[in-house]
Amino acid sequence: MINAKNTLMSAIVAVLLWLSCAAGADSLQSANTLLKVSNSAQQFSEQTQDHIKKVLRTYSSIVAMETGIELPNTIRSAIADCYSREYDWSKFERGFADILSQHLSTIQIELLIGFYRNESIPPAQIENFKNAIRSAGAIAKNSADLIYKTGPGCVKQDARIISEYLSNAGLKTSHHGRIE
């Protein structure tokens, strides 16, 4: 009798775990669909390109103001390549989907998919939709944390190649970082 109870209990636990995993997989699959219909990959890529332009402009301005010379295209390309590589969408897509599935229910994700597909929100689901929108701040924070933790960044590499370039040009940086 005890063995039968244990076997039954084990079977119930196994079924519940399987259902839980299946629900999580459905939520993750829906989250991936949401990322696609919301055009997140393109938006992420555009933001990355905008960031690269700002970084290059900043570095170029600093070097020009301190030395009077312009960063050559080879240095600018090496810097841009690093950011493009380190902040490639494929490195973050799975993490973003995980974040969405952690913060939103499957129903909320499906409502957002419908929204991006220009489908109307059923009146009975308006509160769920509002709750999904309210989750945006937490999703954005966790997404920023993911980017910070996943991408090692390029600042150290940037500093190294700019310093090497300046050194090869006969300029050196002091311990304060100023060009002498």
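Gln108 is found in helix H5, where helices (H or I, at least four residues) and strands (E, at least two) are DSSP runs numbered from the N terminus. This is a predicted model, so local features need pLDDT of at least 70 and side-chain atom pairs count only at pLDDT 80 or more, while totals for chains, interfaces and linings use all residues. Residues are numbered from 1 along each chain as its sequence is written, and side-chain values use heavy atoms, with hydrogens and water left out. The chain has eight helices and zero strands, and along the sequence its pattern reads α-α-α-α-α-α-α-α.

**Gln108 and the overall fold**

- Gln108 is buried, at a relative accessible area of 9%; buried means under 20%, exposed over 50%, and partly exposed in between, with a 1.4 Å probe and protein chains only.
- Leaving aside neighbours within four places in sequence, Gln108 is in contact with His103, Asn128, Asn131 and Ala132 (contact means heavy atoms within 4.5 Å).
- Take the contacts between residues at least 6 apart in sequence: 75% of them join residues at least 24 apart.

**The nonpolar core**

- The largest nonpolar core has 36 residues; a core here is a set of buried Ala, Val, Leu, Ile, Met, Phe, Trp, Tyr and Cys residues joined through side-chain atoms within 4.5 Å.
- Tyr59, Ile79, Tyr83, Phe96, Leu100, Leu104 and Ile162 have the most contacts inside that core.
- The elements giving two or more residues to this core are H1 (2-37), H2 (40-67), H3 (73-86), H4 (93-103), H5 (106-116), H6 (126-134), H7 (136-150) and H8 (155-168).
- H2 gives the most to this core, with six residues.
- As background, nonpolar side chains in soluble globular proteins tend to be buried together.
- Leu104 touches Ser27, Ile109, Leu112, Ala132, Ser135 and Ile139, once residues up to four places away in sequence are set aside.
- Ala132 turns up in the contact lists of both Gln108 and Leu104.

**The largest pocket**

- About 650 Å³ of space lies in the largest pocket.
- As for the method, the search runs on a 1 Å grid over the protein atoms alone: a cavity is a set of points where a 1.4 Å probe fits but cannot get out, a pocket is an open set with protein on both sides within 12 Å along at least five of seven lines, and lining residues have an atom within 4 Å of a point.
- Grid points are joined across faces, edges and corners, and the volume is the space filled by probe spheres set on the points.
- The pocket is lined by 21 residues, and Leu35, Ser40, Leu100, Ile139 and Ser143 lie nearest its centre.
- H1, H2, H4, H5, H6 and H7 are the elements that give two or more residues to the lining.
- The largest share of the lining comes from H7, with six residues.
- By type, the lining splits into 16 nonpolar, five polar and no charged residues; Ala, Val, Leu, Ile, Met, Phe, Trp, Tyr, Cys and Pro count as nonpolar, Asp, Glu, Lys and Arg as charged, and the others, Gly among them, as polar.
- Leu100 is listed both with the residues nearest the pocket centre and with those having the most contacts inside the core.

**Salt bridges**

- The structure holds eight salt bridges, each being a side-chain nitrogen of Lys or Arg within 4 Å of a carboxyl oxygen of Asp or Glu.
- Arg85, Glu86 and Lys91 are linked in a network of them.
- Glu86 counts as buried at 13% relative accessibility, whereas Arg85 is partly exposed at 45% and Lys91 is partly exposed at 40%.
- Lys141 and Asp145 form another bridge, at 2.8 Å, N to O.
- Because Lys141 and Asp145 are four residues apart in helix H7, about one helical turn separates them.
- Lys141 is exposed at 51% relative accessibility, while Asp145 is partly exposed at 28%.

**Positive phi in the loops**

- Asn39, in the loop between H1 and H2, has a positive phi of about 60° although it is not a glycine.
- Asn39 is partly exposed, with a relative accessible area of 37%.
- Asn118 sits in the loop between H5 and H6, and its phi is also positive, near 60°.
- Asn118 is exposed, at a relative accessible area of 73%.
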